[in-house]
Amino acid sequence: MFLLTARYTLHSAPNPRTPPRSSSVPPAVRALRWDSAARTLRILDQRFLPREVIERELRTLDEVDDAIRSLAVRGAPAIGVAAALGLVASFARMPQVSRAAVQAGIERLATARPTAVNLPWAMAQMQSVVASAPSDGAALLDALAAVAERLLANDEAMCDAIGRHGATLIADGARVLTHCNAGALATTGIGTALAPVYTAVAAGRRVEVVACETRPLLQGSRITAWELSRAGIPVTLCTDGMAASLMQAGRVDLVIVGADRIAANGDVANKIGTYALAVAARHHGIPFYAAAPSSSIDPAAPDGAAIPIEQRAADEVRRVGEQLLAPPDVAVFNPAFDVTPAALVTAIITDRGIERPPFRFAR
Ligand code: MRU
């Protein structure tokens, strides 16, 4: 369990600077649905958005593992919670639940994707139950379900808190540029980077979003543009290469992105292309914010160099679906994430408040 001892002003005591809670505009979509009584997990399969809205149930460890690896369920907080609930759903369908089998399942899911720390963080909490729960199958499963459901509830609450804190940074009429999808479909709540947008809109402010399309898997155009459109929030799509020019033209007031892992010094790993946005934002004097729950902070990583970057298949760049966009055997770079140095980050918005540099996240 990671404990943050950074200079947050918010702990359990109420903070006078905390904005009053406002009900957010509901994003109208959910990354996953959990039926507590039946212990069933359904995900919105994001590979098919926006063309098709397909929900499907994950019933086995193979299905959960594959859904995370293939980005059917994606976004750092969502994959941590999906792995925890998916583990419970899988074992609920097995004739026997042994500690050894659960342990193996936890180890497998913890490594399904390497960059988002939320995945091993969630699996570490499930692991703590395996060590302490009774060995009996049903009791062990009950204990695992309790932890997974707590992760689900906490993630939703952290999104709301990020929204409340982050909304204080968004003025009426603001134009917010974002990258990838760090909205409802990347979490189990109202998102991280988009949570302040939803909350500001619910408070009556007019907010426009510029969504970068996010090559190669197009989470910005396929998911963010779709999610915001369904919520009735004005969104304009741009290709990744247009962002700096929009900043130069004065069409962006602030940048808010999500994070897959934040190192102790405040370096931020997020979707590939984030670093370029931070460089451009700094050049144009535009504030650059990362928004993430405390579960995305990894105090064990002293800086961004310690964060593993996922390398994905070359064909994700060479093709869109079946359509070939490049010579079929051309060499390809395809890191899924990059690291933005803390020096380029104006502030980090978490569920605990707004942290400004110098960042120091400790155990
Ligand atoms: O590869 P993805 O789609 O899982 O990448 C997602 C991102 O990079 C998000 O910005 C990040 O996970 C934060 S989600 C709240």
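A salt bridge is taken here as a side-chain nitrogen of Lys or Arg within 4 Å of a carboxyl oxygen of Asp or Glu. The model is predicted: local features need pLDDT of at least 70, side-chain atom pairs count only at pLDDT 80 or more, and totals for chains, interfaces and linings use all residues. Residues are numbered from 1 along each chain as its sequence is written, and side-chain values use heavy atoms, with hydrogens and water left out.

**View 1. Salt bridge between E57 and R93.** The closest N and O atoms of E57 and R93 are 4.0 Å apart. Helices (H or I, at least four residues) and strands (E, at least two) are DSSP runs, numbered from the N terminus. E57 is partly exposed at 23% relative accessible area, as is R93 at 28%. Buried means under 20%, exposed over 50%, and partly exposed in between (1.4 Å probe, protein chains only).

**View 2. Salt bridge between E55 and R33.** The closest N and O atoms are 2.7 Å apart. The pair connects strand β3 (residues 55-58), which holds E55, with strand β1 (residues 32-35), which holds R33. Relative accessibility is 30% for E55, partly exposed, and 41% for R33, also partly exposed.

**View 3. Salt bridge between D172 and R206.** The N to O distance is 2.5 Å. D172 sits in the loop between α5 (137-167) and β4 (174-178), and R206 in the loop between α6 (195-202) and β5 (207-212). D172 is partly exposed at 43%, whereas R206 is exposed at 57%.
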